[in-house]
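Subject: Structure handover

Hello,

Here is the structure I promised to pass on. My notes on the helix packing and the core follow below it.

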Amino acid sequence: MANAAEKIREFRAEAKFQRTSPQKAKLVLDLIKGLRVEQALNTVHFSTKRMAPVIEKVLRSAIQNATYVSQEQGLDVDVDNLYVRTAVANEGPRMKRIRPAPMGRAFRYQRRLAHIIVTVAEKKPLNGTSASANSNPAPAAKKSSKKAATTPAKKAAAKKTAAKKTASKKAAK
């Protein structure tokens, strides 16, 4: 059990109190979850969202944390094998503000802040190529069987509703 904990090392970086809503930050973070680090950097770099540069900075910081910790502790971490394990935008404190309204009144609104956390981990390559070849076709077969199982049910339901409509029309005449 302890051996498994040593194999998977996680390295994280945080950017706290960012001036955006967590929902907007999650739009960019969802793009990079599970991707390899190089591909994630390219995706964030060419994103047109306003939070993309901040998230790119956090991602680069997580990569630098991985290299620094590996050098300090003497670990063998390959930066090319790193992938984005988690990418989360948590809600920070809200700033309450007041906007003037007609007839001397005031409307309250809130400016949201987000805490962005990116965690990268090293993806271990599989030992045997036969194991990877056996694992890939199984999910594809499951997907196709699901489609085959759901499609006739939908068609049968559609036929039943069409039959009910025609029966109600005949009864109305």
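α3 passes α4 in a left-handed crossing. A crossing is left-handed if the near helix is turned anticlockwise from the far one by less than a right angle, and right-handed if clockwise. The helices and strands here are DSSP runs (H or I of at least four residues for helices, E of at least two for strands), numbered from the N terminus. The axes of α3 and α4 come within 9 Å and cross at roughly 160°. Axes are lines fitted to C-alpha atoms, for helices over the stretch in contact, and angles run from 0 to 180 degrees between N-to-C directions. α3 and α4 are therefore roughly antiparallel to each other. On this scale, angles under 35 degrees count as roughly parallel, over 145 as roughly antiparallel, 65 to 115 as roughly perpendicular and the rest as oblique. From α3, the contact uses Val37, Ala40, Leu41, Val44 and His45. From α4, it uses Ala52, Ile55, Glu56, Leu59, Arg60 and Ile63. Contact means heavy atoms within 4.5 Å.

Before you read on: this is a predicted model, where local features need pLDDT of at least 70, side-chain atom pairs count only at pLDDT 80 or more, and totals for chains, interfaces and linings use all residues. Residues are numbered from 1 along each chain as its sequence is written, and side-chain values use heavy atoms, with hydrogens and water left out.

Next, α2 and α3. Their axes are 9 Å apart, and the helices pack at an angle of about 145°. α2 passes α3 in a right-handed crossing. Val28, Leu31 and Ile32 of α2 meet Ala40, Thr43 and Val44 of α3.

α2 (residues 22-32) has a buried side. Its buried residues are Pro22, Ala25, Val28, Leu29 and Ile32. They cover an arc of only 125° around the axis, which puts them on the same side of α2. The arc is taken from the directions from the helix axis to the C-beta atoms. Buried means under 20% relative accessible area, exposed over 50%, and partly exposed in between (1.4 Å probe, protein chains only). The face turned away from the buried side carries the exposed residues Gln23 and Lys24. Cover for the buried residues of α2 includes α3 (37-45), α4 (52-73), β2 (82-91) and β5 (114-122). Gly34 follows α2 and has a positive phi, near 80°.

Now the core. The largest nonpolar core has 28 residues, of which Leu29, Ile32, Ile55, Leu59 and Ile116 touch the most other members. The elements giving it two or more residues are β1 (10-18), α2, α3, α4, β2 and β5. α4 gives the most, with seven residues. A nonpolar core is a set of buried Ala, Val, Leu, Ile, Met, Phe, Trp, Tyr and Cys residues joined through side-chain atoms within 4.5 Å. Leaving aside neighbours within four places in sequence, Ile32 is in contact with Ala40, Thr43, Val44, Ile55, Val84 and Ala87.

Ala89 sits in strand β2. At 3% relative accessibility, Ala89 counts as buried.

Phe17, in strand β1, is not a glycine, yet has a positive phi of about 60°. Met103 also has a positive phi, near 60°. Met103 lies in the loop between β3 (95-100) and β4 (106-111) and, at 78% relative accessibility, counts as exposed.

Best wishes
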